[in-house]
Amino acid sequence: MADENVIYHNPKCSTSRKTLDLLRENGLEPTVVQYLKTPPSRDELVNMIRDAGIDVATAVRKREPLYAELGLADATDGQLLDAMAEHPILIERPFVITPKGTRLARPIDAVREIL
């Protein structure tokens, strides 16, 4: 059985830490996936992005220096997904999954919709 509540977390990210706190304040103890150590597969990324109702470009960390280094500004969705799968630092964070849905916690309040 899949875990009910999951956060794709980067402990160095203040937004990610605040989102984890929000989940716990609402009585959820999510499975914490440190996605830089255990990245989602390309297929998992596709599903999370679709389920969150966002486009691929929204799920990419454009401020990450690697984004510019790889020249991703004009990349296709497929190229962006390939880059995120190969370089998980490019995945915007945090993604949160609950039985009520999936959200990218940017802004954090977006997560309240699935609590």
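Modeller: Helices (H or I, at least four residues) and strands (E, at least two) are taken here as DSSP runs and are numbered from the N terminus. This is a predicted model, in which local features need pLDDT of at least 70 and side-chain atom pairs count only at pLDDT 80 or more, while totals for chains, interfaces and linings use all residues. Residues are numbered from 1 along each chain as its sequence is written, and side-chain values use heavy atoms, with hydrogens and water left out.

In H2, which spans residues 42-52, Leu45, Met48, Ile49 and Ala52 are buried, buried meaning under 20% relative accessible area, exposed over 50% and partly exposed in between, with a 1.4 Å probe and protein chains only. These four cover an arc of only 95° around the axis, and this places them on the same side of H2; the arc is that of the directions from the helix axis to the C-beta atoms. An α-helix has 3.6 residues a turn, so residues three or four places apart point the same way. On the other side of H2, Asp43 and Arg50 are exposed.

The cover over the buried residues of H2 includes strand S1 (6-9), helix H4 (77-86), strand S3 (95-98) and strand S4 (101-104), where contact means heavy atoms within 4.5 Å. Just after H2, glycine 53 takes a positive phi of about 70°. Most residues other than glycine have a negative phi, and most peptide bonds are trans.

Turning to the sheet, four strands form an open arrangement in the order S2-S1-S3-S4, with mixed pairing; two strands pair if DSSP finds at least two bridges between them. Strand S2 (31-34) and S4 stand at the edges, each with a single partner strand, so one side of each has no neighbour in the sheet. S3 and S4 run antiparallel and are joined by four bridges, and the bridge partner of threonine 98 in S4 is glycine 101.
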